[in-house]
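User: I would like to go through the strands and sheets of this chain with you, one question at a time. Could we start with the term that the pairings rest on?
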Amino acid sequence: MAFFEVKNLYKKFGNTEVLKGVSFSVEKGEVLVIIGSSGSGKTTLLRCLNFLERADCGEIILNDEVLFEGKESKSRKDNEIRAKRLHFGLVFQSFNLFPQYNVLQNVCLAPKLLLKEEINQLTKNIKSEIKSLPSAERKEYKKKRLNDIKDYKNQKTNNISKEAIRLIERVGLQEKINNYPCELSGGQCQRVAIARALALNPEILCFDEPTSALDPGLTDEVLKVIKGLKNSDRTMIVVTHEMAFAKEVGDKIIFMADGVVEEEGSPAEVFERPKSEKTKAFLRMPYNE
Amino acid sequence: MFVEVTLALFEGLINTCIIFFITLLAALPLGLLIAFGSMSKIKPISKVIKVFVWIIRGTPLMLQIIAIYYGPALIFDLGIMPRLIAVLVAFIINYACYFSEIYRGGIESISKGQYEAGQVLGLTKGQIFNKIILLQLVKRIIPAMSNEVITLVKDTSLARVIVVTEVLKVAQDYAAKGLIWPLFYTGVYYLVFVGVLTLLFNFIEKKMDYFKV
C-alpha cells in the first residue's frame with residue numbers, strides 16, 4: 001500500500017468535466033511533479049486533495065486512512081473536514097499571505113489558533129474531571145490543573161515561536177521577520193507562504209504553480225527553497241510549468257491532459273522517452289523546452 | 001441672548017447625540033447581520049432581505065420615522081410609543097440597511113484566496129472571519145462608512161418631524177418666535193460635530209496604513 005493514494009477521482013463543474021478519473025500514488029518522502037497544459041485539471045486536482053473542492057467520486061487514502069470516499073454524504077461536518085485538511089499544506093500561486101500580519105505573525109497564526117482551541121478544550125475538560133472527586137478536593141484539583149494547563153500553554157507558545165523563526169530562517173528571510181507582506185517582493189512573499197504552510201507540519205505539502213505569479217528573476221529563489229525541502233525528506237506534490245525544475249526536483253512525473261493522467265513515470269521516462277503523443281506534443285512546445 | 005441660544009442649542013444637542021450614538025451602536029452590528037442575510041445561500045432568506053433593504057433604501061427616512069411613530073397606533077390600535085424611541089427604531093433600521101450594503105461590498109471585494117488560505121491552514125469559519133477577514137474589511141469600508149456616518153449626523157435633524165427636540169428643532173422654535181439667526185448658528189454645531197468625526201476617521205485610516213489590501 002502506497003503512502004498516499006488517489007483513485008479514480010472525478011470532478012465536474014456544472015457540465016464541464018474537469019477530472020475524469022485521476023489515479024496516482026506517492027511514497028513517503030517522494031516529490032511528485034504534475035505537469036500539463038492549462039485547463040488539464042492540475043489545479044482542480046490539488047484543490048480536491050486539500051478539500052477546497054469536493055470531488056464527485058473517487059478515493060483519497062493517506063497512510064491507510066481513507067480521507068475521502070465518493071459516496072459519502074455531502075453534509076460532512078466542518079470539523080471533520082478541518083481535521084482532514086491538516087494532513088495537507090497548500091502553497092498558492094498568488095501567495096495569499098494575510099496582509100495585516102507581519103512575516104512572523106503570518107507563520108504563527110494557524111499554530112497559535114490551534115493551540116488556543118486545544119487549551120480551551122483542556123480547560124473545559126476540567127469540569128467533567130472534577131465531577132468524580134469529593135467536593136472538598138475539587139477546588140484544589142482545579143487550581144492545579146489550571147496551573148498545569150498554563151505551563152503547557154506557555155511552553156507550547158514558546159515552541160511555536162521558535163519553530164516559526166527556524167522556518168523563516170530556512171526560507172532565508174530572517175531579516176524580514178517583522179516586515180509586512182506589502183513590503184516584500186513576490187519571491188519573498190512566496191517563501192513566507194512556504195514557511196507558513198510548513199508551520200503546521202503537514203504530511204503532504206502541495207504547491208500550485210508556486211512561481212507562475214512571479215517575475216522571471218524571482219522564480220529561482222523560490223525554486224531553491226522547494227529543492228531544499230526535498231532534501232529534508234518531505235512528501236510533496238508540485239504543480240509547475242517550470243520543466244527544468246520538474247526534471248530536477250521530481251522523483252515522479254505525472255503529465256495530465258484533459259482531466260486524466262496521460263503519462264507517468266520517472267523524469268527520465270517522461271521527459272526523455274515519452275510514450276504518449278500528447279506528452280510529446282506538450283514537451284515540443286517552445287515554451288516547455 | 002447669544003449665551004441663552006447657545007445653551008438652548010446645547011440642550012438640543014443632547015438628543016442629537018443620543019440619536020447619533022445609539023443608532024451607530026445598534027446599526028453597525030445589525031448591518032453586518034443583514035449583510036450576512038443578504039449573502040445567505042438559502043435563497044428565500046436572501047430574497048426577503050434584499051426586498052427589505054430595497055424598501056428601506058427606496059423610501060425617505062422622514063417617511064419611515066412617521067410610519068413607525070403613527071403606524072402601529074393606526075393599524076393595530078396600539079398605544080403611541082415615546083417619540084424618541086420611534087426615531088431610534090427608524091434610524092437604526094434605516095442605517096443598518098445602508099451599512100449592510102457597505103459591508104456586503106467589502107466582504108465580496110476580499111479575495112477568495114484569503115478564505116482559502118485560512119481553510120487550508122485548518123481554521124474554522126469563525127476564526128477566518130475574526131482573525132483574517134475582519135480587519136481587511138474594516139480597512140476597505142472605512143471611506144464609505146465615514147461618508148455614511150457623517151450623513152447620519154445631519155440626518156438627526158429629521159427627528160423634528162415628530163417633534164423630537166434636537167438642535168435644529170430648537171432653532172426652528174426660535175425662528176417661529178421671530179429670531180432667525182439661531183437657525184444659521186446650528187450650522188456651527190453640525191460643522192464641529194462632523195469635523196471631530198472627520199479627524200477620527202483620518203486617524204483610523206492612518207492607523208491602518210501599515211498594510212495594503
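Analyst: Two strands are taken to pair if DSSP finds at least two bridges between them. The model discussed here is predicted.

User: In which sense do strand β3 and strand β9 of chain A pair?
Analyst: Strand β3 covers residues 31–35 and strand β9 covers residues 252–257 of chain A, and 4 bridges are found between them. Within this pair, A:Ile34 of the one strand stands opposite A:Ile254 in β9(A). The sense in which β3 and β9 pair is parallel.

User: Which are the edge strands of the open sheet formed by 6 strands of chain A?
Analyst: The order in this sheet is β6-β7-β8-β3-β9-β10, with mixed pairing. An edge strand is one that pairs on one side only, and this applies to residues 88–91 and to residues 260–265 of chain A. Neighbouring strands of the sheet are turned by 20° against each other on average, direction ignored. The edge strands are therefore β6 and β10.

User: What is the order of the open sheet of 4 strands in chain A, and which strands are its edges?
Analyst: The pairing in this sheet is antiparallel, and the order is β2-β1-β4-β5. Here too neighbouring strands are turned by 20° against each other on average, with direction ignored. The strands that pair on one side only are β2 (16–26) and β5 (65–69).

User: Which residue in β5(A) does A:Leu62 stand opposite?
Analyst: Strand β4, residues 57–62 of chain A, is joined to β5(A) by 4 bridges, and the two run antiparallel. The residue in β5(A) opposite A:Leu62 is A:Glu65.

Notes:
Residues numbered from 1 in each chain as written. Chains lettered and ligands numbered in written order. Predicted model: local features only at pLDDT ≥ 70, side-chain atom pairs only at ≥ 80, totals over all residues. Axes fitted to C-alpha atoms, helices over the stretch in contact; angles between N-to-C directions.
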